[in-house]
Amino acid sequence: QSREYYRQKSQEWMQVDSTPEYLIKADKALKEEDDRVNRYLEEQTKAKLLRECQTEILQAHETDLLEKPGSGCRSMLEQEKNDYLSLLFKLYEGIDNGLEPIATIVKEHIARMGSEIISQRAAALKAAETAAASSGKPSKGPSASENNSFVTSLLDLHDKYRTLVTDFFFSNSLFEKALKEAFEVFVNHDVGKTTNAELISTYCDRILQNP
């Protein structure tokens, strides 16, 4: 009876609610169901019933929730709705393979954000080369200040998503891996004559020498 009830309710929620709104309702419903079965049912029956409720409320709708236009996982990342992302994590942590699709989206999002920084760097270098060619002067390449600004952008991005992974995804190994692999995607995409790794190393050495 509960399974059919939540099948219908979850379908109704999916039609009218954003992903954050759905998550709030799902969390409330599961807590209420857990309280109810704790009072009236034996342990074995309780576990089975709760799994069925999770299946109908969470598992059956995961893809649609994550991909909902304007409010799904990508939108929550873009809008920095970290509390809702953490609720998403907590709800799907108990679902078989529930976290993998979320971690994949997080990885893709971080990689895209980093690639935008790389693309801006490439465009700035290209513009400088074009300007130098037009003036008949050799290109001097990026200044130390421009290099520092580029590296700072990369490090700030890492700090931002390190906080997300640590504080809101509780250092879960899937999300640790997503963060690492996302950065590998774009940090190894060098633009200009100096590798990104060399720029980061030089920047860090300078910071250490001048604390």
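Helices here are DSSP runs of at least four residues, numbered from the N terminus. Asn97, by that numbering, falls in the loop between H6 and helix H7 (100-135). The model is predicted.

**Whole chain**

Start with the cartoon view. The protein chain has 10 helices and zero strands. Followed along the sequence, the pattern reads α-α-α-α-α-α-α-α-α-α.

Now orient the C-alpha trace along its principal axes. The trace spans about 80 × 35 × 20 Å. The radius of gyration of the protein chain is 23 Å, whereas a compact globule of 211 residues would have one near 17 Å.

Of the 211 residues, 38% are buried. Take the contacts between residues at least 6 apart in sequence: 73% of them join residues at least 24 apart.

**Stop 1: Ser10**

Select Ser10. Its place is in helix H1, residues 2-16. Is Ser10 buried or exposed? Ser10 counts as buried because its relative accessibility is 0%, and the cut-off for buried is under 20%.

Show the side chain. The side chain of Ser10 reaches the backbone oxygen of Arg7 at 3.0 Å. Next, show what surrounds the residue. Setting aside neighbours within four places in sequence, Ser10 contacts Tyr22, Glu56, Ile57 and His61.

**Stop 2: the aromatic pairs**

Show the rings of Phe, Tyr and Trp. How many aromatic pairs does the structure hold? There are seven aromatic pairs in the structure. One of them joins Trp13 and Tyr22 in an edge-to-face arrangement, 5.6 Å centre to centre with 80° between the planes. Trp13 is buried, at 10% relative accessible area. Tyr22 is buried too, at 0%. Tyr22 is also among the contacts of Ser10 from the previous stop.

Now select Phe169 and Phe175. This aromatic pair is stacked, with 4.2 Å between centres and 25° between planes. Both Phe169 and Phe175 are buried. Ring pairs link Phe89, Phe169, Phe170 and Phe175 into a cluster.

One more ring is worth a click. Which residue lies over the face of Phe150? Arg121 does, at 4.6 Å from the ring centre.

**Stop 3: Met76**

Go to helix H5, residues 73-78, and pick Met76. At 1% relative accessibility, Met76 counts as buried. Draw a C-alpha to C-alpha distance from Met76 to Ser10. The two residues are 66 apart in sequence and 20 Å apart in space.

Show the contacts next. Beyond its neighbours within four places in sequence, Met76 touches Thr19, Pro20, Leu23, Ser71, Lys81, Tyr84, Leu85 and Leu88.

**Stop 4**

Most residues other than glycine have a negative phi. Two residues are worth checking against that.

Select Glu80 first. Glu80 sits in the loop between H5 and helix H6 (82-93). Its phi is positive, about 55°, although Glu80 is not a glycine. Glu80 counts as partly exposed, at 47% relative accessibility.

Then return to Asn97, in the loop between H6 and helix H7. Asn97 is exposed because its relative accessible area is 60%, and exposed means over 50%.

**Stop 5: Glu181**

Finish in helix H9, residues 173-187, where Glu181 has its place. Glu181 is partly exposed, with a relative accessible area of 26%. The C-alpha atoms of Glu181 and Ala127 are separated by 30 Å, and the residues lie 54 apart along the chain.

Note on methods. Residues are numbered from 1 along each chain as its sequence is written. This is a predicted model: local features need pLDDT of at least 70, side-chain atom pairs count only at pLDDT 80 or more; totals for chains, interfaces and linings use all residues. Side-chain values use heavy atoms; hydrogens and water are left out. Helices (H or I, at least four residues) and strands (E, at least two) are DSSP runs, numbered from the N terminus. Buried means under 20% relative accessible area, exposed over 50%, partly exposed in between (1.4 Å probe, protein chains only). A polar contact is a pair of N or O atoms within 3.5 Å; within protein, one must be able to donate a hydrogen and the other to accept it, and residues adjacent in sequence count only if both atoms are side-chain atoms. Contact means heavy atoms within 4.5 Å. Rings of Phe, Tyr and Trp (its six-membered ring) pair if their centres lie within 6.5 Å; planes under 30 degrees apart count as stacked, over 60 as edge-to-face and the rest as tilted. A charge sits over a ring if NZ of Lys or CZ of Arg is within 6 Å of the ring centre and within 35 degrees of the ring normal. The radius of gyration is taken over C-alpha atoms; the globule rule is 2.2 Å times the number of residues to the power 0.38.
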